[in-house]
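Work through the exercises below with the sequence and the model open. Try each task before reading its solution.

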Amino acid sequence: MAVKKQTLGEFIIENQHAFKYSSGELSSLLNSIRLAAKVVNHEVNKAGLVDIIGAAGDTNIQGEDQQKLDVYANDKFIQTLTRRNIVCGIASEEEDSFISINSNDENHQNKYVVLIDPLDGSSNIDVNVSVGTIFSIYRRITPTGTPVQLEDFLQKGSEQVAAGYVVYGTSTMIVYTTGDGVNGFTLNPAIGSFYLSHPNMEFPEDGTMYSVNEGNYLDFPLGVKKYIKYCQEEEGDRPYTSRYIGSLVSDFHRNMIKGGIYMYPKGSRNPNGKLRLLYECNPMAFIAEQANGKSSDGYTRTMDVEPTELHQRVPFICGSKNMVNQLEEFMQIHGE
């Protein structure tokens, strides 16, 4: 007899006890993200049929061209989280500043803030390559009953209470953690429900893939250059396979399942790194560590970095533990 698969909603309710602030608010928040992801998924999957692909003619706070689906996804996640009266603040990669949300019943009583990259890898939309959503959740540190402040968002990654991503690919998945392991849920589009498909996800300790934009090789620190050459040498299980999609969610997801390392180091063109600490690196680092992986900037644990600004960029190395350890050794020996 076939075993009935557990839905995401059932899983969230059943596992509320594992979360130290089990008031039900976090469960409602995760359910809101699930709802918004389904709406965005619907638009992503029909992007080639309607006028929603291509540039929107605007740029975001980082000066990057905003794609039409970027704007759509940003609006949908903000609308869903705001209307359900769950969070006290939202920060998005697509917005200049954070959004303070006033509760409808009692002023500013909600306890959580959400930081989100609504559509990671959106430059791939026009060529039908997987994109994703990344989210990070914290408890506010300013008093409830007052408007949310910047300091509520500028918390170290180690303070996250939940993080996850949605990958819109050949199948659509939500992968998330609340600090008690990592689980993945796949959308059944016929009935619109996410089902537990990848329980207790973990990085293999070793891998045979490296993910980096080698077009920037000349710009990389010497330690990273040496490590890439090491990956390419014929010895033992090397050379490793090079796999780079250009969508952090997709590259991370593949490496977590198959074993590998993702690298976006700093360089002369991006002296502080390219990826955003709060919207991309911290949530992925939380997931990685909960899945037996590791994340750093080559020297320092990602989740120990003290944020100083909302759109802060940092170098980012993430993946199978032994591979990240080895790259850090190359950085220690060869440096910049």
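A salt bridge here is a side-chain nitrogen of Lys or Arg within 4 Å of a carboxyl oxygen of Asp or Glu. The model is a predicted one.

**Exercise 1. Salt bridges**

Solution: 
- Step 1. Glutamate 289 lies in helix 6, and arginine 301 lies in the loop between strand 15 (293-296) and strand 16 (313-314), so the pair ties together parts that are 12 residues apart in sequence.
- Step 2. Apply the cut-offs: buried is under 20% relative accessible area, exposed is over 50%, and partly exposed is in between.
- Step 3. Look at a salt-bridge network.

**Exercise 2. A bridge with one buried partner**

Task: Which partner in the salt bridge between glutamate 233 and arginine 238 is buried?

Solution: 
- Step 1. Confirm the contact. The two side chains, glutamate 233 and arginine 238, meet at 2.9 Å, N to O.
- Step 2. Glutamate 233 has 38% relative accessibility, so it counts as partly exposed.
- Step 3. Arginine 238 has a relative accessible area of 10%, so arginine 238 is buried.

**Exercise 3. Aromatic pairs**

Task: How many aromatic pairs are there, and what is the geometry of tyrosine 165 with phenylalanine 252?

Solution: 
- Step 1. Count. There are 12 aromatic pairs.
- Step 2. Read the geometry. The ring centres of tyrosine 165 and phenylalanine 252 are 5.8 Å apart, and the planes stand at 80°, so the pair is edge-to-face.
- Step 3. Tyrosine 165 is in strand 7 (residues 162-168) and phenylalanine 252 in helix 5 (residues 248-258), so the pair ties together parts 87 residues apart in sequence.
- Step 4. Check burial. Tyrosine 165 is buried at 0% relative accessible area. Phenylalanine 252 is buried at 2%.
- Step 5. Turn to another pair. Tyrosine 230 and tyrosine 240 are edge-to-face, with 6.5 Å centre to centre and 80° between the planes. Tyrosine 230 lies in helix 4 and tyrosine 240 in the loop between helix 4 and strand 12, so parts 10 residues apart in sequence are tied together.
- Step 6. Extend. Both tyrosine 230 and tyrosine 240 are buried. One aromatic cluster consists of Tyr227, Tyr230, Tyr240 and Phe330.

**Exercise 4. Helix 6**

Task: Is helix 6 mostly covered or mostly uncovered?

Solution: 
- Step 1. Count. In helix 6 (residues 277-290), 12 of the 14 residues are buried, and the helix is mostly covered.
- Step 2. Name some. The buried residues include Leu277, Tyr279, Met284 and Phe286.
- Step 3. Look past the end. Asparagine 292 follows helix 6 and has a positive phi, near 65°.

**Exercise 5. Surface patches**

Task: Which residues make the nonpolar surface patch of about 220 Å², and which form the negative one?

Solution: 
- Step 1. Nonpolar: Val127, Val129 and Ile245.
- Step 2. Valine 127 sits in the loop between strand 5 (112-120) and strand 6 (131-139). Valine 127 has a relative accessible area of 56%, so it is exposed.
- Step 3. Negative: Glu202, Glu205, Asp206 and Asp237. Aspartate 237 is in the loop between helix 4 (222-232) and strand 12 (241-242).

Notes
Residues numbered from 1 in each chain as written. Predicted model: local features only at pLDDT ≥ 70, side-chain atom pairs only at ≥ 80, totals over all residues. Heavy atoms only, no water. Patch = residues over 30% accessible without salt bridge, like charges linked within 9 Å, V, L, I, M, F, W, Y side chains within 5 Å. Areas by Shrake-Rupley, 256 points an atom, 1.4 Å probe, with all protein chains shown as cover. Helix = DSSP H or I, 4+ residues; strand = E, 2+ residues; numbered from the N terminus. Buried < 20%, exposed > 50% of the residue type's maximum accessible area, 1.4 Å probe, protein only. Lys, Arg positive; Asp, Glu negative; His and termini not counted. Charge placed at Lys NZ, Arg CZ, Asp CG, Glu CD. Phe/Tyr/Trp six-rings, centres within 6.5 Å; stacked < 30°, edge-to-face > 60°.
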